[in-house]
Amino acid sequence: MPPLYQKSLRILAGVFVVYALLVATHLGEFWPFSIYPMFSRGGHPWVRSVVREAPGEPSDALWQPRRSPDALPGRPYPLAPADINQNDIANFVSKSDSWDAGRVNALRKVFGEILHDRSLLIVRAEGRLDAQTVTVAYTPFILLTPDTTLFNPSFPFPTRER
C-alpha cells in the first residue's frame, strides 16, 4: 500500500474514533446530527419538561399524572425571562439516571435565586405517536422548594427527599 493511502486511512479511522467517543459520551446528542429532523428520532416517544409554580404545601394529589397541561397544579413558570434554557431542564428530566446530591444541587443551581421565594414543580411530559394521534402524559417529577427537593414517590429514585 502506498504511504499516502495508509496515512489517509489512519486519519479517517482517527476521525471516526473521536466522533464515536463524542457521541457515546453525550447520549447520542452530538452536533450536527442532533439538530436535523431526519436524525432526531421523529415518531418515537419523547420526554420534555414543564415548569410550574407549585401551589401551597405538597400533597398526594400533587403527584398524580394528568393528560392535559390545563389540569396541572399551579401556574406556568416562564423560563425564558429567567434566562433558563428549557432544553437544559428537559435533559435533566429525561437523561438523569442517578439523582445523587451533586445532581440535585446542579438542578437547583440552574434556578438559583428564583428558589429563594417560591417553589417550582418540574413536570415530566412524555409523548408518543399512537396511530395518528399524539398523546402526552404529564407526571409531576420534582418539587423544588426554597429549602428542600422532593421527588415523586412513584418514581424509583434511590433517595426521594434531600
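The legends below describe close-up views of a predicted model.

View 1. When neighbours within four places in sequence are set aside, the residues in contact with Ser119 are Arg52, Glu53 and Ala54, together with Leu143, Leu144, Thr145 and Pro146.

**View 2. Gly74 in the loop between strand 1 (46-53) and strand 2 (75-76).** Gly74 belongs to the loop running between these two strands, and with a relative accessible area of 35% Gly74 is partly exposed. If residues up to four places away in sequence are not counted, Gly74 touches Arg52, Glu53 and Pro55. Although Gly74 and Val51 are 23 residues apart along the chain, a separation of 9.6 Å is found between their C-alpha atoms.

**View 3. The largest nonpolar core, which has 20 residues.** Within this core, the residues that touch the most other members are Val51, Ile89, Trp99, Leu107, Phe111 and Ile122. At least two residues of the core are supplied by each of helix 2 (86-95), helix 3, strand 3 and strand 4 (133-144).

Technical notes. Residues are numbered from 1 along each chain as its sequence is written. This is a predicted model: local features need pLDDT of at least 70, side-chain atom pairs count only at pLDDT 80 or more; totals for chains, interfaces and linings use all residues. Side-chain values use heavy atoms; hydrogens and water are left out. Contact means heavy atoms within 4.5 Å. A nonpolar core is a set of buried Ala, Val, Leu, Ile, Met, Phe, Trp, Tyr and Cys residues joined through side-chain atoms within 4.5 Å. Buried means under 20% relative accessible area, exposed over 50%, partly exposed in between (1.4 Å probe, protein chains only). Helices (H or I, at least four residues) and strands (E, at least two) are DSSP runs, numbered from the N terminus.
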